[in-house]
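Hi,

Here is the structure I promised to pass on. Please have a look at it first, and then read on for what turned up.

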Amino acid sequence: MSGIKSLAKDTAIYGVSSIVGRFLNWMLVPLYTNMFPVAEYGVVTLVYAVVALALVILTYGMETGFFRFANHERWSDPMEVYSTSLISLAVSSTAFIALVAAFLPQAAAALECPGRPSFVMIMAVCVAMDAFMTIPYSYLRFRKRPMRFALLRLVNIGLNIGLNLFFILLCPLLYRHFPDIVSRFYDPSYGIGYIFLSNLIASAVNLLMMVPELRGFGWKFNIRLWREMLVYSAPLLVLGVAGIMNQTIDKMLFPHLVSDPADATYQLGIYGANYKIGILLLVFLQAFRFAYEPFVFARGKSNGGDKQAYSDAMKYFVAFALFIFLGVMFYLDIVRYLISPRYFSGLVVVPVIMLGELFFGIFYNLSIWYKLTDRTVWGARFSLAGLAVTVTLNVILVPRIGYMGCAVAALCSYGTMMVASYIIGRRYYPVDYKLRRLALYFCLAAALYAAGVYALPLLGLHAAVNGLVRAALLAAFAAAFVRIEHISPKALVPRRGK
């Protein structure tokens, strides 16, 4: 239980930066969807989809590789692993900036902004800096410094949001009254470019704040270590690329699959805005991941692998993720105002997207077996299989049911990866995940979902009463979990002196 309590504590701290940060970022969605035309928001959706893919490629699995080799019995100096990883990412990130600069017109045209190549160059520099900073962030997690980690992320997110509000809300207001002064640093025609510029400034400041993590040790590049890290991490790159493609390729393919290409960016804007709501569950998954990866490798090193702890972690993850799913769906009539009412027609995709993210979270939990046994090639195979499902179903479904086809494809893709990882993992690193218990929680959540979303509205009660009943249903799910698992609230409270 102590290991799970430690994992829960770190997840909570990392979750502060993730949850608060994501929430504040979501507060920008109403700003974007109200201030910019739907088609322009579609361009933003496309650019950030490509950015997510580029970030995975530029980190090429070194984040997980760092944790593996920093805890590896053959490499006794974690700082040598850290230094080698930093130098590797610094060189590759610099090369990426030079490559984009060399082919800037072509890249701008591919991202639907041929008249604004500066947008692409700005985001290229952002991606390069963010890729490099994944290793210092990983180092903080390795050293068990979640407070410093959370502080850096919150400053980055807060600055980004503040700059967005300054450029998109305040500057237009000031421009109307003091055009001569404001025009020195603000151009109304730059539009969505200020979203990207805000991101650039925030990333640059974040890098400067990382200076303490880049000092106090000898910068050394061990080429033998680097080669071993690449061999270990290369399949993770394939896994990461395929994984992020599962999340973004639907947005890249969508303009080419809809029946009316002229309407593509409009529909993509609607889908992208509602996707922001659907990935609320991803906030918890990200916070869990930040704590879980160091937890897995540390326990794998000290205990030969604590399979009971991994089983317990899965159980708690699934229960809490289902609780979040129910909470969002019960109060979707409130949560939907994160976006403009112009986008409400796409709310139908939200439960499908959230369920898909839940399957992906389970897949991530299952991934311990190929990371601990150094069979990372299996991770690549699972992700490539999932990508094949995503592409195939998008091609089949999008022309028929529009962006709902994108959501269904993602759900089926993550479900395929989840089932395949469990079946293969039973052969190489069997963990007793208590499937009957997990199935019970899924069935309970499904029954409460049906009661709160479909049956309750049929009673014709006042909205406030519906809200109270749904709160009671949420409480019932939490109470059932506590009772089934025989959890004592006192056991979850740390004792003094420990």
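To start with the cysteines: there are zero disulfides, taking a disulfide as a pair of cysteine sulfur atoms within 2.5 Å. Keep in mind that this is a predicted model, where local features need pLDDT of at least 70 and side-chain atom pairs count only at pLDDT 80 or more, while totals for chains, interfaces and linings use all residues. Residues are numbered from 1 along each chain as its sequence is written, and side-chain values use heavy atoms, with hydrogens and water left out.

Buried here means under 20% relative accessible area, exposed means over 50%, and partly exposed lies in between (1.4 Å probe, protein chains only).

The search runs on a 1 Å grid over the protein atoms alone: a cavity is a set of points where a 1.4 Å probe fits but cannot get out, a pocket is an open set with protein on both sides within 12 Å along at least five of seven lines, and lining residues have an atom within 4 Å of a point. Grid points are joined across faces, edges and corners, and a volume is the space filled by probe spheres set on the points.

The second largest pocket has a volume of about 320 Å³. It is lined by 18 residues, and F325, M329, P351, Y449 and V453 are the closest to its centre. Two or more lining residues come from each of α14 (307-330), α15 (332-335), α16 (350-366) and α20 (435-455), with α20 giving the most, six. Helices are DSSP runs (H or I, at least four residues), numbered from the N terminus. By class, this pocket lining has 16 nonpolar, no polar and two charged residues; Ala, Val, Leu, Ile, Met, Phe, Trp, Tyr, Cys and Pro count as nonpolar, Asp, Glu, Lys and Arg as charged, and the others, Gly among them, as polar.

There are also four cavities of 30 Å³ or more. The second largest cavity holds about 70 Å³, and its lining includes W369, R426 and Y433. Helix α19 (403-428) gives the most to that lining, with four residues.

Helix α19 also contains S413, which is buried at 0% relative accessible area. Leaving aside residues up to four places away in sequence, S413 touches N246, G386, L387, V389 and T390, where contact means heavy atoms within 4.5 Å.

Best wishes
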